[in-house]
Amino acid sequence: MEVTITQENEKTMVSLVGRVDTTNAEKFQQDIAPLMADPHPDIVLDCTDMTYTSSLGLRMFLMLQKSVMLKGGSLVMTNMRPQVKEVFDITGFSNIIKIL
């Protein structure tokens, strides 16, 4: 898993590459910690190159979503591959996190 975070105007752009699973969940949590600390989060997660997420990955996305909601911010996931989107749909996460 590779996470790249950049700023574009007022938005935080996050590019995810690879798998989000138990082997890298701790690193992923460290990578997204600054996003959770942002007092005014406006986050776009680009999932073009995210190939898989496990239930632990889903948990990390849920933690991020809850943090963003508590601060009145926004979180959007974009360019999700069909097989990854299916996991979000089956688990109901596509009803919790905005996916474009």
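Reader: What radius of gyration would a compact globule with 100 residues have, and what is the value for the protein chain?

Author: The model is predicted. A compact globule with 100 residues would have a radius of gyration near 13 Å, and the protein chain has 12 Å, which agrees. The C-alpha atoms fill a box of roughly 30 × 25 × 20 Å along the principal axes.

Reader: How many helices and strands does the protein chain have, and which pattern does it follow along the sequence?

Author: There are 3 helices and 5 strands. Their order in the sequence is β-β-α-β-α-β-α-β.

Reader: How many of the residues count as buried, and what supplies the exposed area?

Author: Of the 100 residues, 40% count as buried. The protein chain exposes about 5500 Å², and carbon and sulfur atoms supply 54% of that area.

Reader: Where is the place of S54, and why does S54 count as buried?

Author: S54 is in the loop between β3 (42-53) and α2 (55-70). Buried means under 20% relative accessible area. S54 has 10% relative accessibility, and therefore counts as buried. Leaving aside neighbours within four places in sequence, S54 is in contact with V20, D21 and T22.

Reader: How many positive and negative side chains are there?

Author: The protein chain has 9 positive and 12 negative side chains, with the centres of the two sets 6 Å apart.

Terms used: Residues are numbered from 1 along each chain as its sequence is written. This is a predicted model: local features need pLDDT of at least 70, side-chain atom pairs count only at pLDDT 80 or more; totals for chains, interfaces and linings use all residues. Side-chain values use heavy atoms; hydrogens and water are left out. Helices (H or I, at least four residues) and strands (E, at least two) are DSSP runs, numbered from the N terminus. The radius of gyration is taken over C-alpha atoms; the globule rule is 2.2 Å times the number of residues to the power 0.38. Buried means under 20% relative accessible area, exposed over 50%, partly exposed in between (1.4 Å probe, protein chains only). Accessible areas come from the Shrake-Rupley method with a 1.4 Å probe; for residues, only the protein chains shown count as cover. Lys and Arg count as positive and Asp and Glu as negative; His and the chain ends are not counted. The place of a charge is taken as NZ of Lys, CZ of Arg, CG of Asp or CD of Glu. Contact means heavy atoms within 4.5 Å.
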